[in-house]
Amino acid sequence: MNHKKGFNKLNRMPAHRKAMLRNMATVLFKHERIVTTKAKALEVRRTAEKMITRAKEDSVHNRRVVGEKIKDEAVLAKLFTDIGPRMRERNGGYTRVLKLGFRKLDAADMVLVELVDRKPDDGKKEDAKKAEKKAEKKAERKDKKAEVKKAEKTKAERKVAPKAGR
């Protein structure tokens, strides 16, 4: 049994595990939601919640402690100026883990980790931008296909056309 053993090693060397958790926490604070496996989510949740607790009080000491783990200055500023003050009334439970199902390749249990008071309109804006880019790419491909067909058609007409002078 694995009672009170501290943390999940995630089958990684200590340096790799620490770096991975730091990166995942940084991305979580940047985008306010991430999709990952359940085991990683439970570990990054522990790391992120400790950082948010520190960010509730903006002091030089707290910025330095959290700054050891989060190297991106913009994300660190967002954590202390935006996320920390939003969570000031909460005593914990700053993140939510939602099950998404199983990954096709290896059947890993996938989850969505997000901040509890995440603004829902952020995702809609990003989805709209992605949809717009996708539509532009589709239109470009359609134009290219039309050009290729036209070129093939003219090439075929040149081959079929009788030669003058014979």
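These legends go with close-up views of charged residues in a predicted model.

**View 1. Arg46 and Glu43 pair up within helix H2.**
Start with a simple pair: arginine 46 and glutamate 43 form a salt bridge, and their closest N and O atoms sit 3.7 Å apart. The two residues are 3 apart in helix H2, which covers residues 38-55, so about one helical turn separates them. Their surroundings are worth a look too. Arginine 46 has a relative accessibility of 37%, so this residue counts as partly exposed. Glutamate 43 comes in at 10%, which means it counts as buried, since the cut-off for buried is under 20%.

**View 2. Arg63 meets Asp58 in a salt bridge.**
Here the side chains of aspartate 58 and arginine 63 come together, with 2.8 Å from N to O. How accessible is arginine 63? Its relative accessible area is 27%, which makes it partly exposed. Aspartate 58 is partly exposed as well, at 44% relative accessibility.

To place arginine 86 against another part of the chain, look for methionine 51: the two are 35 residues apart in sequence, and their C-alpha atoms are separated by 14 Å.

**View 3. Five residues are linked in a salt-bridge network.**
Which residues join the pair from the previous view in a network of salt bridges? Aspartate 82 and arginine 86 are linked with Glu32, Lys78 and Asp117. Glutamate 32 sits in the loop between helix H1 (14-31) and strand S1 (33-37). Is glutamate 32 buried or exposed? With a relative accessible area of 3%, glutamate 32 is buried, because anything under 20% goes in that class. Its side chain makes a polar contact of 3.4 Å with the side chain of lysine 78. Another polar contact, also listed at 3.4 Å, joins the side chains of glutamate 32 and arginine 86. For the whole model, the salt-bridge count comes to 10.

**View 4. Lysines and an arginine form a positive surface patch.**
Now for the surface. The positive patch is made up of Lys129, Lys133, Lys134, Lys137, Lys138, Arg141, Lys142, Lys145 and Lys149. Pick out arginine 141, which is found in helix H5, residues 121-160. Arginine 141 has a relative accessible area of 51%, so it is exposed, the cut-off for that class being over 50%.

**View 5. Acidic residues gather in a negative surface patch.**
Which residues make up the patch of negative charge on the surface? They are Glu132, Glu136, Glu140, Asp143 and Glu147. Glutamate 132 lies in helix H5, the helix that also holds arginine 141 of the positive patch.

Methods: Residues numbered from 1 in each chain as written. Predicted model: local features only at pLDDT ≥ 70, side-chain atom pairs only at ≥ 80, totals over all residues. Heavy atoms only, no water. Patch = residues over 30% accessible without salt bridge, like charges linked within 9 Å, V, L, I, M, F, W, Y side chains within 5 Å. Areas by Shrake-Rupley, 256 points an atom, 1.4 Å probe, with all protein chains shown as cover. Salt bridge = Lys/Arg side-chain N within 4 Å of Asp/Glu carboxyl O. Lys, Arg positive; Asp, Glu negative; His and termini not counted. Charge placed at Lys NZ, Arg CZ, Asp CG, Glu CD. Helix = DSSP H or I, 4+ residues; strand = E, 2+ residues; numbered from the N terminus. Buried < 20%, exposed > 50% of the residue type's maximum accessible area, 1.4 Å probe, protein only. Polar contact = N/O pair within 3.5 Å; in protein donor to acceptor, adjacent residues only side chain to side chain.
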